[in-house]
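Here's a quick briefing to read with the model open beside you.

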Amino acid sequence: MAMKPLRPCRHPGCYVLVSGGYCDAHKPKDSDRRSEESKAWRWMYSTDEWTQDIRPMQLLREPFCRECSRNGLRVRATDVDHIEPHRGDWSKFTDRNNLQSLCHACHSRKTAEEMWQKSAALRSRYRR
């Protein structure tokens, strides 16, 4: 049976030959890097209430990105964001006044900023 030809590792600058993807040194880490806290409430996004009611209704009510609109741009919203993080609180999760429609870029930026602030708070706690 024919074997697949070896190719360089996909990691930039690594020339280790592998049959596919990455070498052992550069294999991506576990894709599920969520905290245990967030894993506990991830199920909420799979409920019928979210997928069939809350999310689609928010995108109908506010079809354009709120952040882009503030800058005079008209960009179609793709993500529904919780303005104040719910952290597993069902009443905050389902509160329609706590939702905003964002484009994917704005939602990713907001999420990254929140994660950075959370990690900065943890870092400062350990420095004391």
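Let's start with helix H2, whose buried residues are Trp50, Ile54, Gln58 and Leu59. Bear in mind that this is a predicted model. Its pLDDT averages 89 over the protein, and 92% of the residues score at least 70.

**Helix H2**

- H2 runs over residues 48-61. It has 14 residues and reaches 19 Å from first C-alpha to last, close to the 20 Å expected at 1.5 Å a residue.
- There's a kink in H2 of about 25 degrees at Ile54, shortly before the proline Pro56.
- What do the buried residues of H2 pack against? Their partners are strand E3 (79-82), helix H4 (90-94) and strand E4 (99-102).
- As background, an α-helix has 3.6 residues a turn, so residues three or four places apart point the same way.

**Gln58, a residue to look at in H2**

- Gln58 sits in helix H2. Is it buried or exposed? Gln58 counts as buried, because its relative accessibility is 2%, under the 20% cut-off.
- Leaving out residues up to four places away in sequence, Gln58 touches Val80, Arg96, Leu99, Gln100 and Ser101.
- Two of those contacts, Val80 and Leu99, also turn up in the largest nonpolar core.

**Nonpolar cores**

- The largest nonpolar core has 9 residues: Trp41, Met44, Trp50, Ile54, Leu59, Ala77, Val80, Phe93 and Leu99. Helix H2 gives the most to this core, with 3 residues.
- A second, separate core has 5 residues, among them Cys65, Leu102, Cys103 and Cys106.
- In soluble globular proteins, nonpolar side chains tend to be buried together.
- Phe93, from the largest core, touches Met44, Tyr45, Trp50, His82 and His86, not counting residues up to four places away in sequence.

- You'll find Met44 in the loop between H1 and H2. At 3% relative accessibility, Met44 counts as buried.
- With residues up to four places away in sequence set aside, Met44 touches Trp50, His86, Gly88, Asp89, Trp90 and Phe93.
- Met44 is 28 residues from Gly72 in sequence, and their C-alpha atoms are 33 Å apart in space.

**Cysteines**

- How many disulfides does the structure hold? The count is 0.
- For Cys68, the closest cysteine sulfur is in Cys65, and at 3.6 Å that is too far for a bond, because a disulfide needs the sulfurs within 2.5 Å. Cys68 is buried, with a relative accessible area of 9%.
- Cys103 is in no disulfide either, and its nearest cysteine sulfur, that of Cys106, is 3.5 Å away. Cys103 is buried too, with a relative accessible area of 8%.

**The loop between E3 and H4**

- Arg87 is in the loop between E3 and H4. Its phi is near 50 degrees, a positive value in a residue other than glycine.
- Arg87 is partly exposed, with a relative accessible area of 48%.
- Pro85 lies in the loop between E3 and H4 as well. Pro85 is partly exposed, at a relative accessible area of 29%.
- Pro85 touches Lys92 and Glu114, not counting residues up to four places away in sequence.
- Pro85 and Thr111 are 26 residues apart in sequence, and 9.9 Å apart C-alpha to C-alpha.

**Strand E1**

- Arg7 is in strand E1 (residues 7-8). Arg7 touches Val16, Leu17 and Val18, once residues up to four places away in sequence are left out.
- Arg7 and Lys118 are 111 residues apart along the chain, and 40 Å separates their C-alpha atoms.

**Confidence by element**

- E4 is one of the elements that the buried residues of H2 pack against.

Definitions and conventions: Residues are numbered from 1 along each chain as its sequence is written. This is a predicted model: local features need pLDDT of at least 70, side-chain atom pairs count only at pLDDT 80 or more; totals for chains, interfaces and linings use all residues. Side-chain values use heavy atoms; hydrogens and water are left out. A nonpolar core is a set of buried Ala, Val, Leu, Ile, Met, Phe, Trp, Tyr and Cys residues joined through side-chain atoms within 4.5 Å. Buried means under 20% relative accessible area, exposed over 50%, partly exposed in between (1.4 Å probe, protein chains only). Helices (H or I, at least four residues) and strands (E, at least two) are DSSP runs, numbered from the N terminus. Contact means heavy atoms within 4.5 Å. The expected span of a helix is 1.5 Å times one less than its number of residues. The bend at a residue is the angle between axes fitted to the seven residues ending there and the seven starting there. pLDDT is the predictor's confidence in each residue, from 0 to 100.
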